[in-house]
Each structure stands twice: as C-alpha cells, then as structure tokens.
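The report below describes selected features of the structure shown here, beginning with a strand pairing.

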Amino acid sequence: MKAKHQLAAAAVLLVLALILPAVIDNYWLRVMTTVFMIAIVAQGLNVIVGFAGYHAFGNAAFFGVGAYIAGVSLNAQVPLALAIVLATGGSAVVAGIFGWPLLRLRGHYFAIASVALNMAFVEVILNLGGVTGGAMGLPLPISPMPPDLLYRMIYYMMLGALTVATLVVWHLSGSRLGYALRALRDSESGAEVMGVDTVKAKILAWMISAAMTGCAGGIWAYWLTFIEVGSAFDIGISMRAYIMMLLGGMGTIIGPVVGAFVFEIVATLVWSEFTHIHNLLLGMFLIAVVILVPNGIIHLISRASARLSAARELRRAKA
Amino acid sequence: MLAQTIVNGLLLGGVYGIATIGFSVVWGVMGIINLAHGAYIMVGAYIAFALNQWFGLDPFLAMPFAMVALFVIGYALQAFLLNPVMHTSLLLTLVVTFGIDLFLIDLFVLFFSSDVRAVHTAYSGSSLEIGPVLISWVRLVAAILSVLVAIASYLFLNRTRTGQAILATALDREAARLMGIYPDRAYGLTAGLAAAVAGAAGCLASTIFPISPTLGISFLGAVFVVTVLGGIGSVAGVIIAGFAYALVQAFAATYLGANYQQIVAFSMFLLILIVRPQGLFGKPFYGES
Amino acid sequence: MSVQPILSVRDVTVRFGGVVAVKNASFDLMPGEVLGLIGPNGAGKTTLLNVVSALIRPQEGSLAFEGETITGLKPHVIARKGVARTFQVVQPFKNLTVMQNVEVGAMFCARDRGKSQIRALAVDALQKVGLTAKADALPSQLTLSERKRLEMARALSTEPRLLLLDEVMAGLNHTEIDRIIGLIREINRDGLSIIVVEHVMKAIMAVCDRIVVLRFGEKIADGTPEEVTNDPHVISAYLGERFVRRQAASAGAA
C-alpha cells in the first residue's frame, strides 16, 4: 500500500475513533483504550525494528520507565500534561544513554541485551525503593473527575498519542532519517560508506521508539493509579506489540495500528471465554501469525489490490 | 564459610552447565535462540516428578525417560514449526519459540496446576560432612551426573559422525549440503538432542529445586548468562561457564545477600555482551549478518 | 614534486588476531590517476580498501586525503570528505528501489541539497552507469552486471573525488567487462582519482596508469603496467617460482 493510501485509511480510522465513545459502553471503551495503548507501543517497535532492523524485544523497558517517571512526577504534584511530557522525554533520554553501548550489538545479541535491560530496570526499582515504592508498588493520586468523564479523557489521550506516533512514523518514512534507517537495516557498512552516520541514526531511532513507548506507559500509569514492576516492565507488553507489528506489517505506516486492533479484539473475544488457558492460545496465535502472515496484513492488502487492479487492466484490455 | 560457599557453587555449576548445553548448541548451530528451552527443563522436571509420584521411580533413574520424551518433542517442533520459519527469517524464530514457551507452561498449569511441588527421596535430607563443610548427597550425585552428561554431549558432537555433521552444518550450510548432509535433518537432530539434555537437566533440577510450571523461566536467565559467558555453541565453554556462574552466584548470595544475585547476574551478562560478545572462552561460529 | 597526492598511505599495518593482513604498506595516489591494486588471493587488497574507507582501523600507520590526515575518522566522515567505494560482494539496500539506493549517497554526502537536487544527482549517476530504465526496480530484480553497476552508481552519487572499486568486474562476461572499462575511463576523464582492485588483468592493463602489487600483505612492486608485468618478483608471485626458473632457463638456452 502506498503511503498516500495508508494515510487516507488512517484518517478514516481516526474519525471513527473520535466518535466511538458516544456509542460504546464502558467495557468496550476500556478495550479500545487498551488497543490504542498497545498500538503506540507497536508503533514504537516499528521505528526500531521495522525501519532500523534492530529487534528490541525488551522495549517494555521504556513502558515501565515512562510509567514510573509519570507516577513519581504525579506524586510530586507535577501537573498531568507535564508528567506525560516528562515520561516521554525521560524515556527517550534513557534510550539515548543505553543505546550508545547496546546498539553496537547486532541481530540476536541486541534483542537479548534489550531484554536484559528491561529485567535490569526491574531489579533497580526493586532495590531503589523510596519514591518508586520498590517491591510494594506505587500508588498514584486518584483523579477527582467523575469516572465516566475520566475514562473518556484517557481514551482521547491515548488516541491523541497514537495519532502523533503514527504521524511521526509517516513523516519518518519520507525523511532523511527514514532513508538512513532503511539503508542501515539492509547493509550497515553499505550505509556508512555512503555517508550515513549509522550510530547517530540508530540511537535517534531508539530514542523516538522509547519516547512513544514511554508516553504510552505514562498515560497507562495515570489510568491504573497503581503500578508495580511486574506489570510495568512486563516483557509480554513488547511481545504482544511485536506480534501486532508483524501482523499488521512492519515498516509500514498504519500496519502496527491495524495489527493492534485485530489482535486485541480477537484476544478480548477469546480471553473472556478461556481465561484459564489464555497463554496457551496466545502461544498458538503467535506461531500461527509467524507461519501464516509473516509479512503482515498491509502487505496482504497491497498484494490483493495489485492483483485486483491487474485483473481490471486485463478486463479493460479485452473490452 | 568460604569453603562452604565454594562447595555450594561447585555443586550447582554442573547443573547450570547441562541446563545450558542444549540452548548454546542450538544457538551456535542454527542461530536460533530457543526461548522455550526453560520450558523443556520444566517438562523434564515434571517427568521426574510424575514417575516418582506414580511409580515411586527415583528421579535420577527418570533421566533416560525424560531424555527420550524431550528428544521427540524437540525434534518434532524443529521439523514442523521452526525449520519452515528459519528459511524466511531467523529472527522470527524467537517469536515462535516464545509461543511454544507460553503454550507449554500453560499446558502444564492445566495438568499439574500452578502449585509448587517437590520430589522427595529417602536420601533427600542427608549430607556428607567434611570438616566444617556440608555436602548434600543429592547435590553431589546431581553434580556428578551432570558432568557425565556434559562429557557425553561433548564426545557426541566432536567424536561421532552425526556430531561432526551437525558442526559442519553450523559452519557452512551449503558446503554441508554438498557433502550429503541434509541441513533440515541435522537441525532436527540438534534440536532433539538439545531438548534431551535439557530434559536430563530438568530431572536433576527436580531433586534440588521446588518444581512449578514456571521453573524454566527462572532457569532461562541463568542459561543466557552461561551461554554468553561460555561462548555461543561451545560445550566445553558452557561447562566452565556453568561453574563460574554458580560460584559467582554463591558468593553474591553469601556476601551480598540473595537480593543481589539477580543484579550480579544481569551485570555480568550485559558487561560480557558489550565487552566480549564472543564469550570468555570461545568465539561464535555462527556467522550472523 | 609540486602536485600533492590525493591519497597517501603510510606504513599501514593490519593484524587480525595473529594474522598480518597488511604489512607496512605505503603508496601515493596522484590526482586524476587510476591505480591498480593487484595480488594473489589473501594479499590484503580488500583489507587495504577497508582501511582507506575506515571500515577497518589499522594498528599502525597513517592516511592522508588531499593533504589532511584522516586516520581514525569514522566511515561516514570519510565518505562525506569525498571517498566513495564499491563492495566486492554487492551490498544493495534490498528493500529500497534502485533510485532510492542511489539517492542515499546524494542525500548524505552532498551538503545542503534540496529534494530536487538529490534526485538530479541520482538520475545523473544512474544514467552514467546505464541503469535509468531500472530506476524503479528492486535490487533483487537486477542481473549481476546491473548490480555491480548499481554499486558504482551509489558510489558516484556521493560526488566523490576518490573512488575505490573492489572487483567490479568479477563474474562478468567480456561484453560486460568492456562496458565497465569504458565507464571507468569516462569517470576518470571527469577528474576522479580511482583505485581499482581486480583480478581481470586485461581490465587492469587497459585502465590503470600505475599498479601496486601486494603479496602476503606486503607491497612487492609499484610502477607502470609495463614495469610491473616485467618484474620477476611479480611474475613469481603470480605464476610461481617454477615458471620463473623455466623462463630464465629458456632465456639462457636461447
């Protein structure tokens, strides 16, 4: 699918998402808010995995970092908007610091190191205690807003963040940085000798990726009003987002969003029926996606539409 | 205290070593990081537990049964799920093995519940006393058996035709094909044998650690560190690294406190990855690019 | 001499573990010159190119480009200074089109260019190597000869003053080789200095002003094509000691 078409599709989805809270109940409002949240994480992965080719399985690290920055800030009476900005920026800074040594590693090594980084953050927070709450978890101030209004506001916050993240990815796909990343994904030394500062490009990509992920984590913390390391740094967050990105199509603009929607809706419908074996089903789903649609839904659609237009051409030629 | 700490480390080193061999060889030969490796260890432990519960079989004697069962599981998963994915994208195998891990853990929760179990034998509590140092019989037997399994794995890979075929495939898939070795079959065998050794490790672990379906998750962290420490794909390196890791852990537990064990492990891991990604004792022989 | 060399390599040594890949190599390249770098397999030719483009850092020695020391700089900095190269094993960006592949060089090496100027540079480079018709193809749809030329177009799009060509003719047939010889001459006429690493001797003789011969990482000859091909050291390096003895014997008999 061309960028133009993807953007048009994104615009339609956005309009639908804007009017949705008027027609759905609180259960589906929560499901959709979760879809947006995990879609932001998937877009974050899209930048570092889809564009740069660095498989950051441990990106949940930044979800947790964002959540804790937002949590600690909100507890220190920082206004919500600023707390989210701090979560976003702070996560980017953390990625910048750790990206410098870690992004020298390639392939599996980087993937695993990113997971280790995620686990290391858990240990650090557990041992840090203090304002982070340590092993006890961290309660956040509870909003005085009426719940219906509050949850709608959080819905729009997530939607807003997802829209921004998608616009960033769209901009990236045509930018110098986007070219640099796709070039180094295919051949790092090839890109270097053509003048691409690969180290800078990779670190920037991870910072953008972390900013998105951290932002989602920050809003999530505000939404949940209680965070602890187990759920904030849950590797399952990056794994789910990774699958959504694959499912939708990595390196595309709206693929991760479509993937998140499909995955989360299917999961929600299945979860409610089989809560006791949901990991078993999730495992089977992961395997099925990798084997059946490794290039993602967006590519399936482009291939189908290419075939359709080819058929149309043929018909026109005959007529 | 120093002597006891060293003995504690040495006794567990062998178990960490054989828990890691399969993981390391699979990574080295095929370039696959098998996130389900911990689940294989868990399955091995439950086989020992079940045979002990139902037939009163000694967990050490359950080893051959667990090894055969896991060979079949490992071979089948490689042949049916992983080989096809490997041909399209090596990195996607990570997702598949993660899926297998989730599947196996939940399956065992379904059958055995998530309760923590233990395998008891007549000699479970008894120890050998040498001066101030206590040596648990169970741990001593487990240590000896693990070293034997490790030596057998090493000899298999380096001294038999099949082992040589596996290593040849690792070095150059195309050249191996020309020599009449079918990579897919070699991969199946590698995965099967790796799972079998993990099953043996599971039996040994069942005598030392409490068992639950998430047993493998706690092992996987150690397995990663030991693999990277020993040099990916090197059996000898893994064994030495297993002991090194267990000693460091024992010292961290004794002198810093159990809380710091994990931090020490992660720090070791990240440091080695960054400073010496080829491991302390080996070099990767799988060309990643 | 009043003219300054565009590239000077001084006492460069590269070791991989215990193996010495390049040993005390020194040579100069004058502006506008085409220098051939030849030698048997494993002589260190590609390693030397990697040193010049900074993909490998030498243990000893120094490099200067247009009089400025460039030892220790990063590859992308070297590229932006005007040193471009091709790879022996072609390394196209396989998910970018041919045009986009070439645009990368123009985008990152030519400072302060707008989109249209980048496109113009890429179009120009593609036209030079004769790939204009394939601009929208993916690298996987190209023949080997076309991929080698894509590699050259990518290098040219960086607007280099020094071009390093690593076996751009290997695996090609005679017609394709002649085409690339013509291309090298044309590029050279535009003022580029070129280092050619090649096994195809016919091509080396046809395009090079000067030849440096390496053997086991050491420079064993440096001179015009005629001088080098008549040098007994070179003949023995290439054809073996026995051939030289036989030559000498038959010369003595005559």
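In chain C, strand β9 (residues 210–215) runs antiparallel to β10(C), and five bridges join the two; strands here are DSSP runs of E with at least two residues, helices are runs of H or I with at least four, both numbered from the N terminus, and two strands pair if DSSP finds at least two bridges between them. Within this pairing, V213(C) has A221(C) in β10(C) as its bridge partner.

This is a predicted model, in which local features need pLDDT of at least 70 and side-chain atom pairs count only at pLDDT 80 or more, while totals for chains, interfaces and linings use all residues. Residues are numbered from 1 along each chain as its sequence is written, and chains are lettered from A and ligands numbered from 1 in the order in which they are written.

The two strands belong to an open, mixed sheet of six strands in chain C, ordered β6-β7-β8-β3-β9-β10. Its edge strands, each pairing on one side only, are listed here.

| Edge strand | Residues |
|---|---|
| β6 of chain C | 83–85 |
| β10 of chain C | 218–223 |

Turning to chain B, eleven helices and two strands are found, and from the N terminus on they follow the order α-α-α-α-β-β-α-α-α-α-α-α-α. Chain B has a radius of gyration of 18 Å, close to the 19 Å that the globule rule gives for 289 residues, so it is as compact as a globular protein of that length; the radius is taken over C-alpha atoms, and the rule is 2.2 Å times the number of residues to the power 0.38.
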